[in-house]
Amino acid sequence: MKMPKDFLFGAASASYQVEGAWNEDGKGLSNWDVFSKIPGKTFENTNGDVAVDHYHRYKEDIALMAEMGLESYRFSISWPRVFPNGTGEVNEKGLEFYNNLIDECLKHDIVPFVTLYHWDLPQALEEKGGWKNKETVDAFVRFADTCFQSFGDRVNHWITFNEAVIFCSLGYLTGAHPPGIEGDVKGYFQTTHNVFVAHARAVELFKQNGHTGEIGITHVFNPAFSIDDAEENKFAEMHANAYATHWFYDPILKGEYPEYVVNGLNEQGLLPEMTEEELDVLKRTAPMNDFIGLNYYSPQRVMKNDSALVMAGGRENSTGRPGNPSFDGVYKTVKMDDKVYTKWDWEISPEAFLDGMHMLKDRYGDVKIYITENGLGDVDPIVDGEIMDTPRIEYIEGHLRAVKHAVQQGINVAGYYAWSAIDLLSWLNGYKKQYGFIYVDHNNGLARKKKQSFHWYKEIIATRAEDL
Ligand code: BG6
């Protein structure tokens with residue numbers, strides 16, 4: 001079977017991870033500009049000041065994507081480039097950059113898929129309490145509105161937020177991301193709620209103002225599976241899915257929070273402060289979501305937690321990497337002997353991906369799905385000057401096959417975006433952990449080079465994955 005004609009084969013990036021030009025053309029400071037410069041916060045103290053210089057080289061990059069046959073490019077807009085202080089005056093130069101980037105995509109018949117928020121919050125807002133402060137919600141809605149008005153004539157695909165679970169949990173539970181706060185469980189749940197409300201209000205505005213095109217949100221998709229059939233571990237699985245999936249997907253797709261989590265949080269005095277008005281906007285906008293975006297890298301294998309409650313810092317510890325108790329100590333994630341893992345200990349399982357999509361269909365029905373991220377972080381081997389990223393090809397092949405099966409089994413998947421289009425800055429792993437189809441040579445003026453996977457993906461797109 002060939003993938004349907006309107007299925008989008010794409011690849012993704014995020015502003016902070018590729019653009020650089022951190023202080024050019026009137027851009028304001030982001031929380032990451034500040035956080036990454038605190039010694040010890042990132043791998044080898046890397047930061048996005050230059051990143052892979054996409055800001056200046058976007059034409060070359062888009063031309064390479066076009067050569068690969070990419071049908072769609074998912075990128076994010078740096079909020080402080082558009083509003084240097086988060087609110088107030090618009091920076092026209094910031095709008096100009098994204099106008100040019102969008103036009104360049106369209107020139108090459110590449111569908112722009114825009115993420116409004118991929119973690120680079122204006123520092124001015126971070127200093128006023130960031131996502132804990134409901135004024136950030138108002139500021140986001142204004143930023144979203146400005147983007148809809150400025151780019152909506154050419155952009156038909158909008159993602160409000162990328163992975164609320166990551167920037168909220170790493171920001172407030174482990175402290176690995178800005179604002180670097182550890183152990184503020186109540187703050188963590190409050191920020192998730194504020195983000196859901198910001199999403200809902202942006203969706204409502206988008207629809208009310210008659211913009212055409214689709215709007216949705218992207219969540220981490222990290223389905224939990226018990227390591228065995230023991231009742232206590234099955235309970236761990238249910239609990240993990242409730243807190244890591246339902247808490248995030250229910251308010252968006254069902255318009256209400258899962259009762260199990262609400263009751264649990266209530267008992268512990270952790271329920272976020274929510275107004276009737278906020279709950280109403282979640283409720284009435286749920287049916288307006290056009291799709292849900294899934295970022296899938298690995299599942300979690302869980303069992304009852306019997307060890308001391310220590311939540312280690314670090315990005316890997318909170319999502320992919322097994323071996324840590326959940327924030328509430330109820331379960332822990334484990335590494336299993338019969339599973340396969342990446343160099344960063346993220347399990348590789350296309351099977352769990354497909355099973356997980358069925359779990360979503362069971363709970364949320366026929367909602368349209370875009371796979372907005374999926375890929376392999378690796379240290380790519382260079383053989384005679386060629387980047388031989390065979391493991392990446394195998395990873396993507398397995399997961400694309402799972403997507404194809406999902407479509408054949410009646411799951412409404414409308415597109416697949418590999419992470420990432422081009423090698424970029426990993427928030428906490430520097431440039432060592434590569435994901436791209438396009439290699440960036442940091443020892444040679446950031447020169448671009450096509451990887452083995454570049455040619456492979458080109459063939460997949462050209463044949464619409466018929467032979468997978
Ligand atoms: C996702 C993010 O969580 O994972 C990306 O949306 C990120 O921005 C990707 O780069 C891979 O994570 P890491 O830590 O391996 O770079």
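**Close-up A. The loop between β13 and β14 contains Ser420.** Trp419 and Ser420 are joined by a cis peptide bond, with omega about 10°. The model is predicted: local features need pLDDT of at least 70, side-chain atom pairs count only at pLDDT 80 or more, and totals for chains, interfaces and linings use all residues. Residues are numbered from 1 along each chain as its sequence is written, and side-chain values use heavy atoms, with hydrogens and water left out.

**Close-up B. Pro178 and Pro179 are joined by a cis peptide bond.** Omega of this bond is about 5°. Pro179 is in the loop between α8 (164-172) and α9.

**Close-up C. Glu163 has a positive phi.** The value is about 55°, although Glu163 is not a glycine. Glu163 belongs to the loop between β4 (157-162) and α8. Its relative accessible area is 3%, and Glu163 is buried (buried means under 20% relative accessible area, exposed over 50%, partly exposed in between, with a 1.4 Å probe and protein chains only).

**Close-up D. Asp384 is an exposed residue with positive phi.** Phi of Asp384, which is not a glycine, is near 50°. The residue is found in the loop between β11 (382-383) and β12 (386-387).

**Close-up E. Helix α11 spans residues 259-267 and has Val261, Gly264 and Leu265 as its buried residues.** Seen down the axis of α11, these residues fall within an arc of 95°, so they line one face of the helix; the arc is that of the directions from the helix axis to the C-beta atoms. The face turned away from the buried side carries Glu259 and Glu267, both exposed. The buried residues of α11 pack against α9 (185-208) and α10 (231-253), where contact means heavy atoms within 4.5 Å. Gly269 follows α11 and has a positive phi, near 70°.

**Close-up F. Helix α16 covers residues 452-462.** Its buried residues are Ser453, Phe454, Trp456, Tyr457, Ile460 and Ile461. Down the axis of α16 they fall within an arc of 165°, so they line one face of the helix. Glu459 and Ala462, on the other side of α16, are exposed. The packing partners of the buried residues are β1 (8-12), α3 (54-68), α15 (390-408), β13 (413-419), β14 (438-441) and β15 (447-450). Arg464 follows α16, with a positive phi near 50°.

**Close-up G. The axes of α15 and α16 come within 8 Å and cross at roughly 25°.** That makes α15 roughly parallel to α16 (angles under 35 degrees count as roughly parallel, over 145 as roughly antiparallel, 65 to 115 as roughly perpendicular and the rest as oblique). Axes are lines fitted to C-alpha atoms, for helices over the stretch in contact, and angles run from 0 to 180 degrees between N-to-C directions. The crossing of α15 and α16 is right-handed, meaning that the near helix is turned clockwise from the far one by less than a right angle. On α15 the contact is made by Thr390, Arg392, Ile393, Ile396, Glu397 and Leu400, and on α16 by Gln452, Ser453, Trp456, Tyr457 and Ile460. These residues divide into 6 nonpolar, 3 polar and 2 charged (Ala, Val, Leu, Ile, Met, Phe, Trp, Tyr, Cys and Pro count as nonpolar, Asp, Glu, Lys and Arg as charged, and the others, Gly among them, as polar).

Note on methods:
Helices (H or I, at least four residues) and strands (E, at least two) are DSSP runs, numbered from the N terminus.
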